[in-house]
Amino acid sequence: MSIFNDTKVAFADKSDAQLRKAYWMFKMIEQPALTSLGTSVLNFTVHNNFPFVKSIVKTTLFEQFCGGETREESMKAVKQLFKRGVGSIFDYSIEGKEDEETFDSVCQEIKDIIKFSVGNPAIPFIVFKPTAFGRIDLYEAVGNGSELTSSQKEEWARVVKRFDEVCKLCHEHSKKVMVDAEETWMQDAADHLCEEMMEKYNQEKPIVWNTIQMYRTGRLEYMQQHLQRAKEKNYFIGYKIVRGAYMEKERARATEKGYADPIQPTKEASDKNYNAGIDFVMQNLDKVSAFFGTHNEVSSELVMDKMKAAGLPNNHPNIYFGQLYGMSDNITFYLSAKGYNAAKYLPYGPVKDVVPYLTRRARENTSVAGQTGRELGLIKKELDRRNK
Ligand SMILES: Cc1cc2nc3c(=O)[nH]c(=O)nc-3n(C[C@H](O)[C@H](O)[C@H](O)COP(=O)(O)OP(=O)(O)OC[C@H]3O[C@@H](n4cnc5c(N)ncnc54)[C@H](O)[C@@H]3O)c2cc1C
């Protein structure tokens, strides 16, 4: 039986009514047909300012998976999580916009979050997506070594500047910053930029953390080679270790364009590779810090076991665990109660801008086998326990 089964701990902050509502919502998004129909309807109606739809979204999906529409509004969730020893990672979830004005304004928002969170241990990390600072096609062109036009060179210089401003500010304020991983075809350029930032700002401790997707082939080798480079240049590495969120898209593109599938062939292979990632971190803890971003109970327990076997304290400063807000509370609150470093990604932003994130969450919950079932089972167990 899983050690993460204590629903009393997991849902201590939720009233019966909140639990019933969450149950109903997960039940809805469990239906793939409903979710795909809902996704198109939602994107259309919210974008066309149907206030009625906005208020429904806000009191359902948004309330479950987001902190609020603004940083200030999200502070309630931050405080509630921190009361139970869980950190918050503000995730400004505007997705899918590709103009310079948006890139600049997101960059400004991230810098504001850094300033807002200085000295606040409830907000241990800052996070951003590389494509929030530049076009995906540009990352791809830079990554595959294409000859850039002079305007593309200028555009790329602006992306580098945005990265640098954020990482520099984090360095000045001693805040850790994680860079999310996205599609494989943009990742080489993002990895390269992250390495540059680490070399600049991780001399004394890990400030900049890149994300490694273990569902990809070749990532273990990348980490081994990166470690060599970091040793030569004498800086620390920070990694967020995840399985990866773009499997269907990756496989479809590889088939369409006729190149080798970059994703592990099976779920078991991804799991095995994730475990190898855990081993890599544990063997190199003097140089490598890790944030294990996962809802997988076996992986989370494996990290705990390895820490114990190595005689490490639960709150070892080089090891973090993280889940998304509104999901896998049974893991997060178990870990924090035992003194491990645990944090939640806390998405926020105007409802209409967060809709792509929310619909992605809903789609993932139908496609990631078991996740919705797990959430539903836990909520039901807790409701039954309370009503016995
Ligand atoms: C805090 C946090 C931050 C995250 N940041 C990122 C990020 O920056 N970039 C990113 O891409 N994702 C990110 N994710 C999402 C993550 O990559 C996973 O998609 C998600 O967490 C589900 O995987 P899991 O480890 O929780 O567990 P599980 O539910 O055990 O695993 C599901 C995952 O296994 C893999 N998988 C499933 N079926 C197969 C198959 N047939 N073949 C091969 N592999 C398969 C896929 O990666 C799938 O998402 C983040 C997740 C968290 C919790």
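Keep in mind as you look that the model is predicted.

Let's start with the sheet. Strands of a sheet pair through backbone hydrogen bonds, either parallel or antiparallel. Here eight strands form an open sheet with parallel pairing, and their order across it is β1-β8-β7-β6-β5-β4-β3-β2. Two strands stand at the edges, β1 (86–92) and β2 (125–128); each has a single partner strand, so one side of each is left without a neighbour in the sheet. If you step across the sheet from one strand to the next, you will find a twist that averages 30°.

The partner here is strand β8 (residues 341–348), which pairs with β1 in the parallel sense over seven bridges. To find your bearings in this pair, look for I89, which stands opposite Y345 in β8. Helix α14 (residues 329–337) packs on the sheet as well, touching β1, β8 and β7 (319–324). The direction of α14 makes about 140° with that of β8.

Now for the helices. Two packed helices are described by the angle between their axes and the distance between the axes. Take helix α7 (residues 136–143) and helix α9 (residues 184–201): they pack at an angle of about 70°, and their axes are 7 Å apart. Angles of 65 to 115 degrees count as roughly perpendicular, so that is how α7 lies to α9. The crossing of α7 past α9 is left-handed. On the α7 side, I136, Y139, E140, V142 and G143 make the contact, and they meet W185, M186, D188, A189 and A190 of α9.

A second pair has another geometry to show you. Helix α12 (residues 267–283) packs with helix α13 (residues 297–309) at an angle of about 25°, with 11 Å between their axes. Because angles under 35 degrees count as roughly parallel, α12 is described as roughly parallel to α13. This crossing is right-handed. Y274, N275, I278 and M282 of α12 make the contact with S299, L302, V303 and K306 of α13. Five of the residues in the contact are nonpolar, two are polar and one is charged.

Finally, which residues come nearest to the ligand? Of the 26 residues around the ligand, they are D180, V242, R243, G293 and H295. The shell as a whole divides into 13 polar, ten nonpolar and three charged residues.

Key: Residues are numbered from 1 along each chain as its sequence is written. This is a predicted model: local features need pLDDT of at least 70, side-chain atom pairs count only at pLDDT 80 or more; totals for chains, interfaces and linings use all residues. Axes are lines fitted to C-alpha atoms, for helices over the stretch in contact, and angles run from 0 to 180 degrees between N-to-C directions. Helices (H or I, at least four residues) and strands (E, at least two) are DSSP runs, numbered from the N terminus. Angles under 35 degrees count as roughly parallel, over 145 as roughly antiparallel, 65 to 115 as roughly perpendicular and the rest as oblique. A crossing is left-handed if the near helix is turned anticlockwise from the far one by less than a right angle, and right-handed if clockwise. Two residues are in contact if their C-beta atoms, placed from the backbone, lie within 7 Å. Ala, Val, Leu, Ile, Met, Phe, Trp, Tyr, Cys and Pro count as nonpolar, Asp, Glu, Lys and Arg as charged, and the others, Gly among them, as polar. Two strands pair if DSSP finds at least two bridges between them. A residue is near a molecule or strand if its C-beta atom, placed from the backbone, lies within 6 Å of it.
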